[in-house]
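Have the model open as you read.

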Amino acid sequence: MVNYLKAEFLKQKHRFSLKLLWLSPLVAVALVIVLMGGRFFVEGAFNWWYTMILPGTLSMIIAFTISAEKKHNHHGLFSVSINKKMLWISQLIMNTILLFSANLIFFMVITIVGIAIGISMQVLNCFIASFVLFLTFAWQIPLFMFISEKIGSFFSIMLSLLCNMGFGIFFAPTRLWFVPFAIPGRLMCPIIKVLPNGLPLEAGNHLGDTSVILMSIIITVALYLLFSVITTVWFQHREVK
């Protein structure tokens, strides 16, 4: 497995994916400063991040990985690899690490910029929110890897943006918050105190209830494991045809 992962990360050196890890957080922060003048800096940065920029970043990283592999016919490894399912698992793990890295870099960027411009920040809350976004977005990795492999990268990116922006914004503050795409937005309400539409959460609002956090994380982690197993079995079966 270690050799598979090393090979995957070596291939990333020649792709735009690694640049996205740094560019995307900077874009989120820039949008808050330019469009909002720095007001509600943390709330605005997280809102831009999880509603639009992170879904776009994750779907593009996945699409770049899958399309490059398909273009080169998986570098001929289908015919020589002894344990072919490791090809898929290594890409799953790599994309999961990249998702974690993107959220960690986002946390670092907003913390550094926030302190530099004199914003009063709850750094621990920002870290928790970033880690929760990692946990609640990870389930999309095997799903959109499958869609990119089966249908195509462009369709996968568009579907990701549509589902995350549509379900995330409209379902998160409703009784349908448990729809997986809406969970990140729902959890940012009690953690960051910001609504999916970008407005600050008012004191006493029921969306500030923290009891949904644990159940939501359990749901998304379970989906990540389930979809990882299903797509791995599918990919292994597809290879031996």
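What follows covers the ground rules, a helix pair and the aromatic rings.

## Ground rules

This is a predicted model, where local features need pLDDT of at least 70, side-chain atom pairs count only at pLDDT 80 or more, and totals for chains, interfaces and linings use all residues. Residues are numbered from 1 along each chain as its sequence is written, and side-chain values use heavy atoms, with hydrogens and water left out.

## H4 against H5

Helix H4 (residues 85-116) packs on helix H5 (residues 123-137) at about 160°, with axes 9 Å apart. H4 and H5 are therefore roughly antiparallel (angles over 145 degrees).

Who touches whom, counting heavy atoms within 4.5 Å as contact? On the H4 side you'll find Phe100, Phe106 and Ile110, among others, and H5 brings residues including Cys126, Phe131 and Phe137. The contact's residues split into twelve nonpolar, four polar and no charged (nonpolar is Ala, Val, Leu, Ile, Met, Phe, Trp, Tyr, Cys and Pro; charged is Asp, Glu, Lys and Arg; polar is the others, Gly among them).

## Aromatic rings

There are 15 aromatic pairs (ring centres within 6.5 Å, using the six-membered ring of Trp). Trp49 and Phe106 have centres 4.5 Å apart and planes at 5°, so they're stacked (planes under 30 degrees apart). Trp49 sits in helix H3 (residues 41-71) and Phe106 in H4, so the pair ties together parts 57 residues apart in sequence. Both Trp49 and Phe106 are buried (under 20% relative accessible area, 1.4 Å probe, protein chains only).

Phe146 and Trp234, with centres 4.8 Å apart and planes at 80°, are edge-to-face (over 60 degrees). Phe146 is in helix H6 (residues 140-150) and Trp234 in helix H9 (residues 212-239), 88 residues apart.

Notes:
Axes fitted to C-alpha atoms, helices over the stretch in contact; angles between N-to-C directions. Helix = DSSP H or I, 4+ residues; strand = E, 2+ residues; numbered from the N terminus. Parallel < 35°, antiparallel > 145°, perpendicular 65-115°, else oblique. Contact = heavy atoms within 4.5 Å. Buried < 20%, exposed > 50% of the residue type's maximum accessible area, 1.4 Å probe, protein only.
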